[in-house]
Amino acid sequence: MVVLSVKPLFIILVVFLSLVLAIVLLLPPSPFSQTVLSSNLTLGTSDIWSVRRMVEWRPCKWWLQGHLSALPLENNGYIRVDCYGGLNQMRRDLCDGVGIAHLLNATLVLPKFEVAAYWNESSGFADVFDVEYFIQQMNGFIKVVKELPPEIASKEPFRVDCSKRKGQFDYIETVLPSLLEHHYISITPAMSQRRDRYALYAKASLCQACYSALRLTRSLENKASELLEAIPKPFLSLHLRFEPDMVAYSQCEYSGLSPYSVKAIEAARGDRKPWTGELAHVWRKRGKCPLTPNETAFILQSLSIPTDTNIYLAAGDGLMEIEGLTSVYTNVVTKSSLLSDEDFTRMHGNTKAALDYYVSINSDSYVATYFGNMDKMVAAMRAFKGLYKTLFLSRRAFAEFTSQGFSGKDLMQALWKAHLDDYVMGRGSALPDCFCEFKL
C-alpha cells in the first residue's frame, strides 16, 4: 500500500518541477538583473571598482611619438591667450590657445589669467604653474616666451574675437590676417572648439601643453603634497557641486532643502528663474540638475561603496546640504579641515582649485557628480597616469529612474546597472582629443 501511494506523488512532483523549470527558462530577463554576467557581481557583493573593464582611454601614439615636424625658422608674430573663469576653464583655454598658436605659426606669450572678485581670484599664471618647466616642456612643439621684444613690449595686443571660430580654416582665414598686420594679438578660444579639425601637429602641441607641460609651482606642489599625505589612505576623491550659484544657474528646484539653502539659492538666482511644470520634469530628465549631497550618498551606496570609505571632498566654498552626505559617509575630510587656518585663508580660488586637482589626480579613486572642466581634466590626467578608478555619476539616470517611480532597492539596482555599463565601457573617462580608445 505504501509503495503504491508514493509512485503517483513522485510522478506529480517531477511534473511540477519540470513545469517550474520551463517557466523560469522561458521568462524574459528583468532589465535590472543583468549586471554584466561575466563579472559575477550583483549589488551588495562588491564595489564598482571590482568590475573588469572592457575599454580604457590611453594617450594616442601620434602625440607621444614626438613633435611630428620641425618648427619654421620664422614665425608670424606673437599670441597671448586671455583666460577667464575657474582654474580648469582657464587651463582648457590655454591648451586650445597653444594649438591655435601652432596652427598660425606664432610664438606664444605667457597667458593672462583673469583677476576676478567673483572667483576670489587675483593669482596669475606664474602664481599657479611653473613657468620655466612649461617653456622647457613645450620646446619643439611651440616657442614660448616670457618677455616680448622691446619694439612690441610697450604695446597692448590687438584683441581678436574668436567666439565663433571653430577649426583650422576659421583661424587661418580670419585670425591670421590680424596677426600678420599687428604682429601681437590676444585671443580667448571659443568654448565650442572643434579640436578634431586641428592639424595633427597642432593637436600634439595642445596635448603636450595640457598633460605634460603644466606643473604646479614648487611651493604650491609642496603644499598639495602635504595635503595628500594628511588624507587617510586609501581614499576616494569626490567632486561635489551643490553651491548656490550652481543650483541657480541650473534653473532646477529641489524639495526638502533647509531654509538657509533656499535663501542662498534665491539670492543667487537673479533673472534665471527655475523651470516649472512639465518643462521642469523634462529638464531634470535631461540630466541638467546637480545632484544633492543626499542623492550622491544614495548613488554611492548603490555602487556598493562602503559607508566607512575615506572621502576627500573636492569642492568649492559654500557647499550646501553637506549633512546629506556626511550623515551616511562619516569619514569625510576637506581642505579646510586639514590645512592650517593661515594656509587656507591666504589662498585664492585658483590655488584652492589647484590643490583639489592635485589630490584628485593622485587619489585611489575619483567620482564626479558633474561633467565640468575640472572633471574632464582630472579624468584625462588620471588616464594619462594609468589610474582608471574614475567614474561620473549619472544625473540623467537618477532623474529617469526616480521619475518612473523607482525607489529603495529597486532604484539602487537600476543605478548599479547604469553606472556599471559606463564603467565597463570607459565612458567619459578621458578627453578624446588626446586619448585613443583601447579595448582590453
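Q: How many nonpolar, polar and charged residues are in the lining of the largest cavity?
A: Start with the classes: Ala, Val, Leu, Ile, Met, Phe, Trp, Tyr, Cys and Pro count as nonpolar, Asp, Glu, Lys and Arg as charged, and the others, Gly among them, as polar. A cavity is a set of points on a 1 Å grid over the protein atoms alone where a 1.4 Å probe fits but cannot get out, and a lining residue has an atom within 4 Å of a point. Here the lining has 5 nonpolar, 3 polar and 4 charged residues. Keep in mind that this is a predicted model, where local features need pLDDT of at least 70, side-chain atom pairs count only at pLDDT 80 or more, and totals for chains, interfaces and linings use all residues. Residues are numbered from 1 along each chain as its sequence is written, and side-chain values use heavy atoms, with hydrogens and water left out.

Q: What volume does the largest cavity have?
A: A volume is the space filled by probe spheres set on the grid points, which are joined across faces, edges and corners. For this cavity that's about 60 Å³.

Q: Which element gives the largest share of its lining?
A: Elements are DSSP runs numbered from the N terminus: helices (H or I, at least four residues) and strands (E, at least two). Here β1 leads with 3 residues. Among the lining residues are Val55, Glu56 and Trp57.

Q: What about the second largest pocket, and which residues lie nearest its centre?
A: A pocket is an open set with protein on both sides within 12 Å along at least five of seven lines. This one holds about 340 Å³, and Tyr254, Ser255, Arg284, Thr292 and Glu295 lie nearest its centre. Helix α20 gives the most to its lining, 4 residues.
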